[in-house]
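Hello,

Please keep it open while you read.

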Amino acid sequence: MLREKGKASPARPADVATQLARRFAWKESTEQFFTLFYAVLNLRTRELTYISAGHPGAIWLSDGADARVLPGSGLPIGVGETYEQDAVQLKAGDRLYLYSDGVMEAMTAHCEQFGIERIAASLTASSTAELGRSIAMLLKDVEAWCGALRTQDDVSLIGLEVDGPTDR
């Protein structure tokens, strides 16, 4: 948190990622790193500021258009050193989905990954469903894709839907 004019405000995503990269710098002895999607949503203006440090980009649905993957902005923490942040302006009715790589990397018995394109297509197809139902539909699509093999990695998914008029 930062203090600005006596008010607490969240740290900029790029600053958080840069500080984490300094704290968890690459070490030959451990060869460890981690990915991160970190965002700050201004509830008054609906601006979403984010970084995607080696993590799959969030998926954004807006105005009935096909799902779009928010572009990434850096290497994983422990590999990268500095990070640039991006921003999008959300509107009422927009949805944002965050997910673990286990969703994207879910495989068939023939080692074919579910992939980002299928995630986006599934979310686009369920865009008129209630938010929780759209998440359930994506998970059902992933399970069907894997069949008896089941997923091999963690599968985490969260959705956010913007509601009501802005307070500008």
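In this predicted model, the largest nonpolar core has 18 residues, and those that touch the most other members are Ile59, Tyr97, Tyr99, Ile119, Leu123, Leu138 and Val142. Two or more residues of this core come from each of strand S5 (59-61), strand S8, helix H2, helix H3 (115-125) and helix H4 (131-146), and it is H4 that gives the most, with 5 residues. As a general background to such a grouping, nonpolar side chains tend to be buried together in soluble globular proteins.

If neighbours within four places in sequence are left aside, isoleucine 119 is in contact with Ile59, Tyr99, Val103, Met104, Phe114 and Leu138. Apart from this core lies another one, made of 10 residues, among them Leu48, Tyr50, Ala58 and Leu90.

The other member to follow is tyrosine 97, which is found in strand S8. Is tyrosine 97 buried or exposed? Its relative accessible area is 0%, and because buried means under 20%, tyrosine 97 counts as buried. With neighbours within four places again set aside, the residues in contact with tyrosine 97 include Ala58, Ile59, Leu61, Leu123, Leu131, Ser134 and Ile135, as well as Leu157, Ile158 and Gly159. Glutamate 161 lies 64 residues away from tyrosine 97 along the chain, yet the C-alpha atoms of the two are separated by 8.9 Å.

Serine 100 is buried, with a relative accessible area of 9%, and, not counting residues up to four places away in sequence, it touches His55, Asp154, Val155 and Ser156.

Finally, there is an open sheet of 3 strands, which follow the order S3-S4-S7 with antiparallel pairing. Strand S3 (36-41) and strand S7 (86-89) stand at the edges and have a single partner strand each, so one side of each is left without a neighbour in the sheet. On average, neighbouring strands of this sheet are turned by 25° against each other, if direction is ignored. Between strand S4 (residues 47-53) and S7, the antiparallel pairing runs over 4 bridges, and leucine 48 stands opposite valine 88 in S7.

Best wishes

Definitions and conventions. Residues are numbered from 1 along each chain as its sequence is written. This is a predicted model: local features need pLDDT of at least 70, side-chain atom pairs count only at pLDDT 80 or more; totals for chains, interfaces and linings use all residues. Side-chain values use heavy atoms; hydrogens and water are left out. Buried means under 20% relative accessible area, exposed over 50%, partly exposed in between (1.4 Å probe, protein chains only). Contact means heavy atoms within 4.5 Å. A nonpolar core is a set of buried Ala, Val, Leu, Ile, Met, Phe, Trp, Tyr and Cys residues joined through side-chain atoms within 4.5 Å. Two strands pair if DSSP finds at least two bridges between them. Axes are lines fitted to C-alpha atoms, for helices over the stretch in contact, and angles run from 0 to 180 degrees between N-to-C directions.
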